[in-house]
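Take the points one at a time, with the view open beside you.

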Amino acid sequence: MNDGVILSCADLNALIESLRAEGRRTIGPVARDGVIVYDDLESIDDLPAGMTDEAAPGHYRLARRDDDALFGYAVGPHSWKRFLHAPVQRLWRSEGERAAARVLAEPLSQEKTAFIAVRGCELAAIAVQDRVLGEGETVDRHYRARRDNAFLVAVDCGTANGGCFCVSMGTGPEASGAYDIALTEILEGEHRFLARAGSEAGQALLRNLPQRAATAEDIRAAREVVARTAQHMGRAMPVGNVRELLARNPDHPRWDDVAARCLSCANCTMVCPTCFCTSVDEASALDGSGTARVRRWDSCFTMDFSYVHGGGVRSSVSARYRQWMTHKLSSWFDQFGTSGCVGCGRCIVWCPVGIDITEEVRAIQASERETEARHGNA
Amino acid sequence: METLERILGEQPFFAGLNPEFLRLATGCANNVRFAAGEFICKEDDPADRFYLVRHGHVALQLFAPGRGAMTFQTVGPGEMFGMSWIAPPYKWTYDARALELTRALAVDGLCLRDKCDHDHDLGYELMQRFLSRTIESLHATRLQLLDVYGAKV
Amino acid sequence: MAMSETASMGGVEDRTIPCVGRVSARRIESSDVVTLDVETPEGPVRYAPGQFNMLTAFGVGESAISISGDPASGRLTHTVRAVGPVSRALCNLRPGDAIGVRGPFGVGWPIGTAATRDLLFVAGGLGLAPLRPAIYAALAERSRYGKIAILYGARSPDSIIFRRELEGWRGRFDLHVEATVDHALDDWRGHVGVVTNLISQVEFDAEQATAFACGPEIMMRFVAQALVAREMRESDIHLSMERNMKCGYGQCGHCQFGPFFVCRDGPVFAYEAIRPLLALREI
């Protein structure tokens, strides 16, 4: 934070203007239909000023704050995944009759974007998807192109909602990682933003904005914002080796217990900022002149996700929930060297029956401890 | 010269049997030979023996009108067939037919049952061997019943 | 495999794009199984025995199909069973028809590390298809290996695939080939019974043998158990797994099998590595 500069609300607007002047599509939090979504914004006037989100398992409501904070909420149902790993992506189309098919690859997106107000958990989620889709032996070119074209303006969280557990996952509330510019919104005294650059592009952009150097007092105030948020987490992932816990409990009775509540609706996978599963469909032109392959987000909660001829491998809800949660918190490490969970809490908030991933872990952990205790007494 | 006792002892079914028991069992055994196509037993015949195949192959079949003879198992060298003599009603439940020139050892079940009745140690030893063959065949039958290769429709 | 002209943009290979091949020959193996030879514009094709391709029937969809030909031929051969819309469309392709090919994908049979050892190929049903390239590879360098046995189980005599080859291999003095069927009528002269029964009839040195098995998952579990009962090491037994595969390189998530992506980490796995998973239901 040493290099921080202080921006006023007007200066922040100038930041958005300069990003737009670079030809970038500026996308950020917008209140719409009773939720905060990520959509196009033209100026800071589009931001949900003075609003906050009240969230709990299976519950989300927007509410008024008693100040004019621009970023005074945590996260809504959208994540940046939709702008990097598109929900629907045509991969190619073919031309010609059956015997003369020619395949034309779908051009890569050229659109330059700027994401405004990327949270710490979301930076972590982007880093996770970078590992899955954007790096390594096989790179998804559509993801890579969108990722390379995105300028990330992060913001430290000044408010946590009831779903948040980033502290226990080590991903927030402070924004860290691959951002271009990170902001801390300071409401104490003058409404201002401590801005720091995380890349050369961010540095260059900041340099041209109206600003003043951050004082020790600004930095103290900013630190306090983050520290206060950290103390108001909605919940926490239990301490302990969750990876090993789930790996050794594929037959735990808790899976049937959660299956009795789970509707298998796939909401958790859709709102999850790291879930990456996709399926492909074939689309045919009505006149038979060509076809296209379209990739869509898919969910391990659907019946045909694991279909092999004859039926699905995971036909019970219990097996599908186990797959999702064990993948997220355990086998993700085996596959990508990191947890698939960033502690954003969306799966908890947007679950229609309020299933809480941290609570499920706690239940399995507790039952193991009980068993240990019983054996210890014997 | 090959003695019957040695030949019997070389059959996997009797492998490792103590010499005294082997001698007792040999007293119930004799060499048999079947021409290709010859029936060895027929369904519902009295079951009074079992066979240890030495050369050739035997098909175990059930016949259904309109479908013909359906083979559910083939038995080759080193394998045995015939368990029905152990328990009532002592009837063969299939047809056994030599697929080619087949040499086997036939073991008289009545004779063996009698010896087992008199010497329970021999009886226990042999029943364990029969039970283990029964379990193997049960496992194979399960797998066959599941029809695992078929494409589901 | 090189991709079509449009597939590599910006120098990065896009593995989502099929190249357009042509069916050059079609052979009917059984009532619902067809073998297709496929020519690709790039000419000779390199792949490892046990790998698979994603084949597209244009306008219908894509399916993961193992490569079933001779790797030395430089030609792609695929054997397909018509079980769903895509595989039916693939089976209905005729010589000259276009077919989309992505691949090859996955990890194949570790045939190269099995030199000097006895080889056991145990196949069930269509599982003989992904084993066939490995059998060809072993026969191409027959003297490098010890005893070689091919044990094949099928549902019935008329569902046996690669029949002519099996008969040819059976005629060789340096191969032990046995086929068994689950059900047969009187005109079948071969074995009847499950493929695990054949394992007791083959001679091999359990210490010095490598086994490759492919077939329905239940059958592979029993085969592996029968081989272990004959004192083979779990690390010397290799199985080819089947799961739903959409992308081929571990990014669509469908083929997950515990910590593994079957398409990328498999389809061939050492029994040792997956034995605990095989015991879990719905994993």
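1. A definition to begin with: two residues are in contact if their C-beta atoms, placed from the backbone, lie within 7 Å. Please also keep in mind that this is a predicted model.

2. Let us start with how chain C meets chain A. This contact takes 37 residues from chain C and 42 residues from chain A. On the chain C side, β4 (61-66) and β6 (98-105) each supply at least two residues. By class, the side of chain C that touches chain A has 15 nonpolar, 14 polar and 8 charged residues.

3. Next, look within chain A. Its domain assignment gives domain 1 (5-86 + 107-230) and domain 2 (242-279 + 298-377). The centres of these two domains of chain A, taken over C-alpha atoms, are 29 Å apart. Where they touch, domain 1 of chain A brings 27 residues and domain 2 of chain A brings 23 residues.

4. Which elements make up the domain 1 side of that contact in chain A? At least two residues each come from β5 (59-64), α3 and α5 (166-169) of chain A. The largest share, 9 residues, is that of α3(A). Sorted by class, the side of domain 1 of chain A that touches domain 2 of chain A holds 16 nonpolar, 8 polar and 3 charged residues.

5. From α3(A), the contact is made by A:Asp130, A:Leu133 and A:Gly134, and from α4(A) by A:Tyr143, A:Arg144 and A:Arg147. In terms of class, this contact has 2 nonpolar, 1 polar and 3 charged residues.

6. Finally, turn to the largest nonpolar core. In soluble globular proteins, nonpolar side chains tend to be buried together. Here the largest nonpolar core has 222 residues, and A:Val153 and C:Phe121 touch the most other members. Helix α3 (residues 120-134) of chain A gives the most to this core, with 8 residues.

7. Which residues is C:Phe121 in contact with, leaving aside its neighbours within four places in sequence? They are C:Leu131, C:Ala134, C:Ile135, C:Ile150, C:Leu151 and C:Phe212.

Technical notes. Residues are numbered from 1 along each chain as its sequence is written. Chains are lettered from A and ligands numbered from 1 in the order in which they are written. This is a predicted model: local features need pLDDT of at least 70, side-chain atom pairs count only at pLDDT 80 or more; totals for chains, interfaces and linings use all residues. A nonpolar core is a set of buried Ala, Val, Leu, Ile, Met, Phe, Trp, Tyr and Cys residues joined through C-beta atoms within 7 Å. A residue is buried if 20 or more other C-beta atoms lie within 10 Å of its own, exposed if 12 or fewer, and partly exposed in between; C-beta atoms are placed from the backbone. Helices (H or I, at least four residues) and strands (E, at least two) are DSSP runs, numbered from the N terminus. Domain bounds come from an automatic or database domain assignment. Ala, Val, Leu, Ile, Met, Phe, Trp, Tyr, Cys and Pro count as nonpolar, Asp, Glu, Lys and Arg as charged, and the others, Gly among them, as polar.
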